[in-house]
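Please brief me on the fold shown below. Cover the strands, the helices and the aromatic contacts.

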Amino acid sequence: MQLGAVFPQTEIGNDPAAIRDFAQAAEAMGFSRLEIFDHVASVDIAHRSNWPGPYTEAHPFHEIFVLLGYLSACTRNLELVTTVLVLPQREAALVAKQAAEVDVLSGGRLVLGVGLGWNYVEYEILNRNFHDRGRRIEEQVAVMRALWTQQSVDFQGRWHHVTAAGLNPLPIQRPIPVWFGGQADPVLRRIARIGDGWFPSSSNDAALPEVFERLRSHTREAGRDPASIGISGRISAGVHDPETWVRRARMWRDLGCSSAGANTMNGGLKTVDEHIKRLQTFHAAVANAL
């Protein structure tokens, strides 16, 4: 099982040198991938009662494709992974273009993780329909894959219509891998049919074996090999607890994950150097135990 590092979006700050240093340090330590969260807009919760989400106007997020372009130039080997980009709140053709450009600039290192999202405010700001997002995402993936693999595309769907048009340049990976986040059964069935990978949640560890088996069952029903679908777990490294890190890494490995990402946020770390030091401690403890 490979180890990834989660980019500390809400805590890294705005210094380009610090952003570069974190990514390069993760690469030098031997992490195989850099996982990056996505949000477009901040929400002023003082004017929204019963706000359900974990992020507010106090949580900064760097725009994900601009950030990926910068990180492409700062790194050489790290996979650059969106975990996850909220696809239905964006235009599919534009995402396909942006992703293709990142893939070109990075030398074929992009993994496009996508999801439906929960933040209805972002959908409102971006003038997208929050309520049909589950139905639209599959067609979005289909049109993006066509645009990534064909110079001239003809595509007629419910929401997308392309006639003799395409992207230039095409990505290096044709198509770019598309992973999905989420754990509801419709998501698992979607992954089984069209996904290259999955980001499971872990709010209930005891339920995970059954969820993993459901994904494998759905995948076999779809006529695909479950081993062809990558799976990346998540390990909270914000709190310094090497025994728990190792235990969770082994849990993900034994469930069949191909990778697991270390998240150093939410542990009171104040500087980029502290995040880097925590990553070093994590990698030394976990890599040697797997």
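How many bridges join strand β1 to strand β2, and do they run parallel or antiparallel? Strand β1 (residues 2-6) and strand β2 (residues 33-36) are joined by 3 bridges and run parallel.

This is a predicted model, in which local features need pLDDT of at least 70 and side-chain atom pairs count only at pLDDT 80 or more, while totals for chains, interfaces and linings use all residues. Residues are numbered from 1 along each chain as its sequence is written, and side-chain values use heavy atoms, with hydrogens and water left out.

**Barrel**

- A closed barrel of 8 strands runs β1-β2-β3-β4-β7-β8-β9-β10, with parallel pairing. Neighbouring strands of this sheet are turned by 25° against each other on average, direction ignored.
- Helices (H or I, at least four residues) and strands (E, at least two) are DSSP runs, numbered from the N terminus. Two strands pair if DSSP finds at least two bridges between them.
- Strands of a sheet pair through backbone hydrogen bonds, either parallel or antiparallel.

- On the β2 side, A5 stands opposite L34.
- Helix α2 (residues 64-74) packs on the sheet and touches β2, β3 (79-86) and β4 (110-115). The direction of α2 makes about 180° with that of β3. Contact means heavy atoms within 4.5 Å. Axes are lines fitted to C-alpha atoms, for helices over the stretch in contact, and angles run from 0 to 180 degrees between N-to-C directions.
- Strand β10 (residues 259-263) runs parallel to β1, with 4 bridges between them. Q2 has S259 of β10 as its bridge partner.
- β1 is largely enclosed by the rest of the structure, because 4 of its 5 residues are buried. Buried means under 20% relative accessible area, exposed over 50%, partly exposed in between (1.4 Å probe, protein chains only).

**Strand β7**

- Both faces of β7 (residues 178-181) are covered. V178 and F180 are buried on one side, W179 and G181 on the other.
- β4 and β7 run parallel and share 3 bridges. G113 is bridged to W179 in β7.
- β7 also pairs with strand β8 (residues 197-199), in the parallel sense over 3 bridges. G181 is bridged to F199 in β8.
- W179 has a charge over its ring: the charged end of R33 sits 4.8 Å from the ring centre. The test is NZ of Lys or CZ of Arg within 6 Å of the ring centre and within 35 degrees of the ring normal.

**Aromatic pairs**

- The structure holds 11 aromatic pairs. Rings of Phe, Tyr and Trp (its six-membered ring) pair if their centres lie within 6.5 Å; planes under 30 degrees apart count as stacked, over 60 as edge-to-face and the rest as tilted.
- F31 and F282 are stacked, because their ring centres are 6.4 Å apart and their planes at 20°. F31 lies in the loop between α1 (16-29) and β2, and F282 in helix α9 (residues 272-287), so the pair ties together parts that are 251 residues apart in sequence. F31 and F282 are both buried.
- Y123 and F130 are edge-to-face, because their centres are 5.2 Å apart and their planes at 85°. Y123 is buried at 0% relative accessible area, and F130 is buried at 18%.
- W51, W118, Y120, Y123 and F130 form a cluster linked by ring pairs.

**Helix α5**

- The charged end of R133 sits over the ring of F130, 3.9 Å from its centre.
- R133 is one of the buried residues of α5. In this helix, 12 of 17 residues are buried.
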